[in-house]
Amino acid sequence: MSIRTIGLALAGCALAACGAHHHHDEEPEALNLAPAFLGTITTTSYDGLSDDLLTAGLGASGLAGPTPAYADAARPTASELRRNAIYANYRAVLDIAANSGYGTLYGPNVDAAGIAGSGQGLVAGTEYLAYADDGSGQQNVTLMVQVPASFDPAQPCIVTATSSGSRGVYGAIGSAGEWGLKNRCAVAYSDKGSGTGLYTFDDDSVNLQNGMRTTRLAAGKAASFAPALDDAARAAYAAAFPARIAFKHAHSQQNPEKDWGRMTLRAVEFAFYVLNEKYGMLARDGQHRLLRFSPRNTITIASSISNGGGAALRAAEQDSQGLISGVAVSEPQVQPATASTYTVRQGGAVVSGYGKALFDYSTYAALYQPCIAALPAAPGRCTALVAKGLLAGADLAAQQADARARLKAYGWLADSDPLQAAHAGTNVLVAVTYAYAYGKFSVTDKLCGFSFAATDASGIPVALTAAQRASSFSSQNGIVGNVIYEDAVGGARAYQFGVSPSSNLADQSLDGFLCLRALATGVDPVSGAALSPALAAQSARVKAGMAEVVASGNLHGKPAIIVQGRSDTLIPVNFASRAYLGLNATVEGAASQLRYVEVLNANHFDSFSNLLPANIVPLHVYLFRALDAMLAHLRNPAQALPPSQVVRTLVRSDNTTPITLLNVPALATAPPLTDAIIVSGNTVTVPD
């Protein structure tokens with residue numbers, strides 16, 4: 001392994017302005033200049049034997065094995081943190097069960113043609129890391145470019161792999177990252193301003209870009225994240241709320257989601273810079289490289305999943321330089337600007353509640369999903385909702401049935417019913433994190449009574465151990481610790497243990513979640529009355545942040561494929577992909593090249609396939625098929641994109657039966673009318 005660090009102090013230029021071709025001797029040479037937003041670049045080469053780009057040397061079998069151990073858990077090295085981050089992020093995105101298709105339909109040992117081999121799938125190449133920042137050290141968005149040794153300069157391609165969820169820069173390595181590396185493309189990653197970015201008050205420590213930890217003072221502008229508080233405010237908060245933590249996505253006070261598209265584009269610019277440095281000819285000045293690759297001769301596909309998929313769509317919308325050739329994403333968390341200009345129908349009926357915003361539907365889910373997940377011994381959430389007139393039913397079973405009915409009326413499909421309970425904790429994390437993020441609130445604001453911390457078995461906040469802090473870059477998904485309800489009767493507890501003051505019931509901190517719901521709607525969710533001035537002001541801040549993240553639906557004629565599972569319970573199809581298709585039809589009309597593939601029996605988390613009786617199929621397979629189709633079309637426009645369609649997958653009789661290609665049929669080049677998704681004018685019609 002060879003490592004070198006390059007300091008950059010060059011003024012940047014837009015790629016389009018720099019030109020794409022070598023000029024004649026009498027003309028200025030088109031130099032490859034570093035974009036102005038880039039900080040220091042750290043470069044590491046991997047031999048593909050002892051270590052590699054895709055699996056950190058673990059290979060297909062290592063990724064399927066137990067968590068790799070640190071030589072010293074209290075002092076992991078940067079390379080160990082990288083290895084464990086790749087391990088954790090890969091497994092978070094994919095189902096690493098052989099019966100679910102790992103090792104046969106997907107995985108490092110399955111080549112670009114979909115053929116499973118006996119090898120480990122290690123990928124040699126070079127990895128480049130840098131911060132994108134405005135010089136303040138307050139943004140410090142981590143960008144990464146991986147260039148496989150197999151990169152073909154004669155057929156240059158770039159794939160974006162912006163992180164999913166709130167994850168760090170390796171968050172999409174198992175999805176778009178793997179596909180790009182297998183297809184000999186450079187991969188442009190971004191943590192999009194989230195990532196772990198853990199700050200702990202008790203020792204004033206932060207993460208660095210490579211995951212190592214140090215004090216805030218020692219890190220200076222190199223910290224991934226530190227809260228914008230002076231020493232006195234930090235000390236006061238630490239004393240009043242011991243063991244609480246702050247993390248970047250929630251507490252940066254920058255609403256990073258508003259920049260997800262821009263940071264994805266910056267990752268592409270970084271990739272062009274890296275490729276031209278690596279393969280371009282030396283200029284006459286002997287210092288710079290000439291531009292060899294540009295959007296004119298290089299295919300760039302914006303891709304990724306979930307939040308990263310939404311970032312890819314936003315990047316395509318905002319692409320003023322023509323950096324992106326096409327888009328292929330799965331289950332995008334994207335929020336269309338309006339639901340008033342288009343209609344979504346399933347079968348013969350208009351669907352419920354299409355086109356809602358993430359904070360709207362996540363706060364609604366955070367009320368009702370904990371009731372659906374409740375056990376007879378702990379029905380507190382359901383009981384409290386009934387007492388407030390927000391739920392009906394004489395017993396727990398009837399109350400849970402009513403909760404499911406309310407979610408369906410709000411926009412979820414019946415396909416999500418088996419998965420509702422499993423998402424209760426997820427939407428709690430989403431609702432609290434995004435409330436802080438959208439409103440740009442400080443960690444000290446105790447918004448709706450919520451904070452974050454590690455907890456003991458009874459839900460009482462406890463300090464992270466030295467080993468937990470040291471490994472946080474690798475072990476956390478970007479949302480750190482548990483949600484704490486500070487206003488619980490008897491003192492702060494993890495939300496699931498919280499007793500609400502208004503009910504005096506163990507209702508999983510319902511008062512706090514009703515407060516979040518008020519922030520989303522602007523009215524009291526129980527009475528419908530106006531909010532107090534203070535809560536109304538907080539709601540206005542959250543709504544202003546929500547307005548910053550809406551998608552325009554205008555892909556400027558770029559070819560695009562969205563795939564999503566009909567059973568998606570975290571980002572339901574009515575709120576995201578179907579709605580985006582409708583908005584795009586309104587904005588682009590006949591110029592649109594957007595295709596939408598809805599996969600039956602697939603949901604948001606492939607890893608649920610062996611955990612739940614829902615017996616679902618891996619959506620991951622269809623992301624790769626969409627990417628295959630997009631690359632083929634961009635290289636040969638005569639190769640048409642697959643039409644919009646419903647894919648009717650086959651579930652297995654039980655989860656011990658291996659998935660085969662029969663369970664996940666190919667995309668149809670000419671789907672029958674019963675499977676075709678039709679866009680007519682501003683109406684989207686999806687067959688049952």
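Helices α4 and α19 lie oblique to each other, because their axes cross at roughly 40 degrees (under 35 degrees is roughly parallel, over 145 roughly antiparallel, 65 to 115 roughly perpendicular, and the rest oblique). This is a predicted model, so local features need pLDDT of at least 70 and side-chain atom pairs count only at pLDDT 80 or more, while totals for chains, interfaces and linings use all residues. Residues are numbered from 1 along each chain as its sequence is written, and side-chain values use heavy atoms, with hydrogens and water left out.

**Where α4 crosses α19**

- α4 covers residues 173-182 and α19 covers residues 620-635, and their axes come within 10 Å (axes are lines fitted to C-alpha atoms, for helices over the stretch in contact, with angles from 0 to 180 degrees between N-to-C directions).
- Helices here are DSSP runs of H or I with at least four residues, strands are E runs of at least two, and both are numbered from the N terminus.

**Where α8 packs on α9**

- α8 and α9 (residues 306-318) pack at an angle of about 80 degrees, with their axes 7 Å apart.
- That makes α8 roughly perpendicular to α9.
- Trp260 and Arg262 are among the α8 residues at this contact, and Ala311 and Arg314 are among those from α9.

**Nonpolar cores**

- The largest nonpolar core holds 116 residues, and those with the most contacts inside it are Phe270, Phe359, Tyr368, Phe513, Leu516 and Leu519 (a core is a set of buried Ala, Val, Leu, Ile, Met, Phe, Trp, Tyr and Cys residues joined through side-chain atoms within 4.5 Å).
- Helix α8 (residues 260-279) gives this core its largest share, 11 residues.
- Leaving aside neighbours within four places in sequence, Leu516 is in contact with residues including Phe359, Ala431 and Phe450.
- Another core, of 60 residues, lies apart from it, with Leu53, Leu81, Ile299 and Leu667 among its members.

**Residues in loops**

- Leu105 is in the loop between α3 (78-93) and β3 (125-132), and beyond four places in sequence its contacts include Val621 and Leu661.
- Gly347 sits in the loop between β13 (343-346) and β14 (349-350), and not counting residues up to four places away, Gly347 touches Thr685, Val686, Pro687 and Asp688.
- At a relative accessible area of 25%, Gly347 is partly exposed (buried is under 20%, exposed over 50%, partly exposed in between, using a 1.4 Å probe and protein chains only).
- His556 is in the loop between α17 (533-547) and β19 (559-565), has a positive phi near 55 degrees, and is partly exposed at 46% relative accessibility.
- Asn601 is found in the loop between β20 (593-599) and α19, has a positive phi near 70 degrees, and is partly exposed at 26%.

Technical notes
Contact = heavy atoms within 4.5 Å.
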